[in-house]
Amino acid sequence: MKQIVSNLKRNIFITVVTTIALPIVVGYLLNRYFPINFVNIPLHSALEVAGGTIAIIISLIIFLKYESKHVFNHYNYTTIALLSMGIIDIFHGIMMPGKLFVWLHSSAVFFGGMFFMLVWMKQKKTSKQTYKLVPVSVIVFAILFSLFSIIYSEYVPDMIDPDKSFSSVSNFLNIAGGLGFFVASIKFLKEYLYTQKFDEILFAGHCMLFGIAGVLFTSSLLWDMQWWLWHILRFSAYIIALYFLYLEFNKDIQLIENKNRELELADKKIGQYLSILDKNVITSTTDLKGDIIDVSEAFCKISGYTKQELIGHSHNIVRHPDMPSSIYKEVWNTLHQGKTWRGEIKNRKKDGSAYWVDTNITPVYDEHGKKVGYTAVRQDITNKKRIEEISIRDGLTNIFNRRYFNELFPKYINMAKRKNELISFLILDIDHFKEYNDTYGHQKGDEVLITVAQTLKKSLKRADDFCFRLGGEEFGILFSVETKEKAALFSDEIRENIENLKIEHEHNSASQYITISLGVVSRYAKDISQPEKIYAEADKLLYKAKKSGRNKVSSE
């Protein structure tokens with residue numbers, strides 16, 4: 001800590017010596033030992049115009065640097081001073097020696113010093129309009145002041161006394177401006193002690209050079225060596241400001257380079273992650289019509305299709321016939337509302353085998369908020385569904401079991417309630433099945449159960465009709481038709497399909513073949529409060545069909 005304080009004090013001492021003490025000593029020596037005049041108007045004009053141009057460029061760049069934040073800090077306040085001083089100095093530089101010549105220079109020093117003292121003001125956030133208005137106002141002020149000074153030059157006070165020394169007015173303007181620069185330099189020194197930033201000590205030296213140039217003005221004569229000295233000091237101050245700008249840009253360049261390196265590393269990581277996702281996550285993107293425009297490698301792997309075979313087609317290419325159309329209608333209705341659809345879908349591979357995916361489909365929007373397509377992210381749940389299939393399938397007949405019936409029936413009713421559809425449920429069992437087993441054996445009995453189950457499954461009309469083995473020789477079917485009459489006709493069609501199998505059954509009182517008895521109940525979904533009651537009613541009707549001679553359908 002002591003070493004840091006020591007370094008700070010040393011830097012401040014060096015700055016004061018080089019920007020104040022040394023110029024005073026050099027000025028004194030020039031006055032005493034080099035009492036000569038060097039008249040060179042083009043050189044003077046070049047120094048003033050170059051310095052003024054540098055000041056204007058620095059000012060505008062600093063204003064632009066902080067434009068996005070709309071914050072006035074002490075660097076912004078210096079640009080107000082540099083901007084006004086730079087413009088007036090350019091007008092001064094193009095003037096021929098005389099009253100206006102000295103007046104514009106002295107005014108530039110005065111306004112520069114006064115505006116530089118604004119660095120003591122607190123940092124302030126402004127509106128975008130105010131932030132832009134400040135430099136415009138300073139530019140307009142400096143230009144109008146210079147033009148009015150030229151146009152109304154007769155009102156400009158005398159700036160050079162008869163003995164060729166500078167007048168009290170010119171001396172006052174330069175001393176007042178110089179003191180303003182010194183006051184500003186104290187602010188930068190204070191900031192330097194607090195922040196230890198090199199920029200602060202740099203601008204402190206910048207202000208001290210302007211300040212000492214204003215003081216040396218009062219002891220110089222037009223074109224003498226000391227007069228040239230404070231011109232050089234002022235130009236050096238402009239060069240310091242330019243060096244500050246270089247350091248700022250260098251910092252920005254370093255920052256940009258570091259950010260670019262970080263972005264390159266991030267891009268590389270993102271590329272690696274995307275590659276991992278492409279290989280392992282089943283994704284696809286479609287246009288608004290549902291035509292595929294991109295798929296992941298994982299999608300190709302699970303479906304068996306190549307990208308070329310998939311792109312340009314709809315997802316119908318992998319649609320499994322077991323999936324009901326109602327699911328896809330629900331998907332599109334959800335997406336058209338701008339919502340995300342999630343659910344489980346059974347798809348078909350290129351080789352015809354099935355696979356299951358847990359799917360999230362989300363609308364995609366462009367930068368203007370316009371919907372341009374859909375993206376689906378899927379997870380392979382085939383193994384999970386296989387386990388579920390085992391748990392909901394009857395081990396002998398491979399149709400759905402009683403457990404799945406109990407789970408599905410309430411859901412089936414709730415889905416039908418949306419449109420108040422007519423739901424039909426029938427229960428059937430094989431007539432005199434015990435006698436069949438006793439006569440032909442249980443192996444033959446199992447074959448009958450399998451054949452009946454497959455016949456029931458083939459008899460279903462719609463993808464969202466379901467058949468179940470409810471227990472022993474008892475089966476159930478959930479289906480939807482438009483009327484009760486059609487439900488009765490469908491039930492009778494099933495009865496005929498079973499009898500038409502012509503499986504011999506010599507102890508069947510209703511036929512010489514295997515037959516079934518059926519009870520069917522039809523209700524509108526909104527009229528169903530308890531699924532158990534529907535089951536009980538169908539069971540009663542089944543008993544009625546048996547009592548009336550078997551191989552019959554009993555309906556409401």
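How many of the residues of S11 are buried? The answer is 7 of its 7, which leaves this strand mostly covered. The legends below take you through the predicted model, one close-up at a time.

**View 1. Strand S11 has buried residues pointing both ways.** Glu474, Gly476, Leu478 and Ser480 point one way from the strand. Phe475, Ile477 and Phe479 point the other way, and these residues are buried too. As you look along S11, keep in mind that 7 of its 7 residues count as buried.

**View 2. S11 belongs to an open sheet of 6 strands with mixed pairing.** The strands come in the order S8-S10-S11-S9-S12-S13. At the edges you will find strand S8 (400–401) and strand S13 (553–555), each of which pairs on one side only. Strand S9 (residues 422–430) runs antiparallel to S11 (residues 474–480), and 7 bridges join the two. Helix H16 (residues 484–499) touches S9, S11, strand S12 (516–524) and S13, and its direction makes about 160 degrees with that of S12. Helix H17 (residues 531–547) touches S9, strand S10 (466–471), S11, S12 and S13, with its direction at about 145 degrees to that of S12.

**View 3. S10 and S11 form a hairpin with 2 residues between them.** The two strands run antiparallel and are joined by 5 bridges. A handy landmark is phenylalanine 468, which stands opposite glycine 476 in S11. In the turn, look for glycine 472, which has a positive phi of about 55 degrees.

**View 4. Helices H15 and H16 pack with their axes 10 Å apart.** Helix H15 (residues 442–459) makes an angle of about 140 degrees with H16. The two helices are therefore oblique to each other. Their crossing is right-handed. From H15, the residues at the meeting place are Val452, Thr455, Leu456 and Ser459, and they meet Phe490, Ile494, Asn497 and Ile498 in H16. This contact divides into 5 nonpolar residues, 3 polar and no charged.

**View 5. A second open sheet has 5 strands and antiparallel pairing.** Its order is S4-S3-S7-S6-S5. Strand S4 (292–295) and strand S5 (341–348) stand at the edges with a single partner strand each, so one side of each has no neighbour in the sheet. On average, neighbouring strands here are turned by 30 degrees against each other, direction ignored. Helix H12 (residues 382–392) lies across S5, strand S6 (354–365) and S7, and runs at about 130 degrees to S6.

**View 6. Strand S7 runs antiparallel to S3 and antiparallel to S6.** Strand S3 (residues 282–286) is joined to S7 (residues 371–380) by 5 bridges. Along this pair, isoleucine 282 stands opposite arginine 378, while threonine 283 has valine 377 as its bridge partner. Between S6 and S7 there are 9 bridges. Here the bridge partner of valine 364 is glycine 373 in S7. S6 and S7 also form a hairpin with 5 residues between the strands, in which glycine 369 takes a positive phi near 80 degrees.

**View 7. Helices H2 and H5 pack at an angle of about 170 degrees.** Helix H2 (residues 41–65) and helix H5 (residues 128–151) have their axes 10 Å apart. The angle makes H2 roughly antiparallel to H5. Where they meet, Leu60, Ile62 and Phe63 come from H2, and Tyr131, Val134, Pro135 and Ile139 come from H5. The residues of this contact divide into 7 nonpolar, no polar and no charged.

**View 8. Aspartate 199 lies in helix H7 (residues 198–217).** Is this aspartate 199 buried or exposed? Aspartate 199 counts as buried because its relative accessibility is 2%, and the cut-off for buried is under 20%. Leaving aside neighbours within four places in sequence, aspartate 199 is in contact with Tyr75, Phe244, Leu247, Glu248 and Lys251.

Notes:
Residues are numbered from 1 along each chain as its sequence is written. This is a predicted model: local features need pLDDT of at least 70, side-chain atom pairs count only at pLDDT 80 or more; totals for chains, interfaces and linings use all residues. Side-chain values use heavy atoms; hydrogens and water are left out. Two strands pair if DSSP finds at least two bridges between them. Helices (H or I, at least four residues) and strands (E, at least two) are DSSP runs, numbered from the N terminus. Contact means heavy atoms within 4.5 Å. Axes are lines fitted to C-alpha atoms, for helices over the stretch in contact, and angles run from 0 to 180 degrees between N-to-C directions. Buried means under 20% relative accessible area, exposed over 50%, partly exposed in between (1.4 Å probe, protein chains only). Angles under 35 degrees count as roughly parallel, over 145 as roughly antiparallel, 65 to 115 as roughly perpendicular and the rest as oblique. A crossing is left-handed if the near helix is turned anticlockwise from the far one by less than a right angle, and right-handed if clockwise. Ala, Val, Leu, Ile, Met, Phe, Trp, Tyr, Cys and Pro count as nonpolar, Asp, Glu, Lys and Arg as charged, and the others, Gly among them, as polar.
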